[in-house]
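Here is a set of questions and answers for a reader meeting this structure for the first time. Please look at the sequence and the model before reading on.

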Amino acid sequence: MAIESAYKILFIVSLIILAFAIVCMIIKAIIGPKAADRLISINAVSSLVVCVLAILAFYLQEKFILDVCLIYVLIGFFAVMVLTSTFINAYRKKTKDKKEEGGKDGVD
């Protein structure tokens with residue numbers, strides 16, 4: 001009985017700490033000065049949510065939550081890949097436009 005209550009306290013404390021970390025990462029994503037900072041913060045939130053789901057699966061003794069966890073990991077991975085691709089393309093377009101502007105001014 002004592003070990004079960006110790007595990008219960010451990011799970012609850014872990015969930016509280018992870019919830020605090022998620023809130024901190026969301027704040028960082030909102031105030032992050034660059035797009036890369038925001039992307040990393042959102043990726044960290046995704047990872048922390050996966051940890052919360054895994055802890056809840058053990059706490060509630062429900063195995064289907066682990067399936068949800070795996071699906072969430074895949075969705076988070078694909079979202080980061082799409083956003084990274086979008087940011088890279090926007091950066092390349094911006095640098096290409098700057099090079100073209102610089103070339104036109106130097107021709108005279």
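**Reading the terms against the values**

Q: Why is serine 41 called buried?
A: In this predicted model, serine 41 has a relative accessible area of 4%, and because buried means under 20%, the residue is buried.

Q: Where is serine 41 placed, and what is it in contact with beyond its neighbours within four places in sequence?
A: Serine 41 lies in helix α2, which covers residues 35-60, and, with those neighbours left aside, serine 41 is in contact with Met25, Lys28 and Ala29. The buried residues of α2 include, besides Ser41, Leu39, Val45, Leu48 and Val52.

Q: How do you know that the length of α2 agrees with its number of residues?
A: The expected span is 1.5 Å times one less than the number of residues, so the 26 residues of α2 should span 38 Å, and the 37 Å between its end C-alpha atoms agrees with that.

Q: What makes up the largest nonpolar core?
A: Eight residues make it up, namely Phe11, Leu15, Leu18, Ile22, Val45, Leu48, Val52 and Ile55. The elements that give two or more residues to this core are α1 (2-31) and α2. A second, separate core has five residues, among them Leu53, Ala57, Ile65 and Cys69.

Q: Which residues is phenylalanine 11 in contact with, leaving aside its neighbours within four places in sequence?
A: Phenylalanine 11 is in contact with Ile55, Phe58 and Tyr59.

How values were computed. Residues numbered from 1 in each chain as written. Predicted model: local features only at pLDDT ≥ 70, side-chain atom pairs only at ≥ 80, totals over all residues. Heavy atoms only, no water. Buried < 20%, exposed > 50% of the residue type's maximum accessible area, 1.4 Å probe, protein only. Contact = heavy atoms within 4.5 Å. Core = buried A, V, L, I, M, F, W, Y, C linked by side-chain atoms within 4.5 Å.
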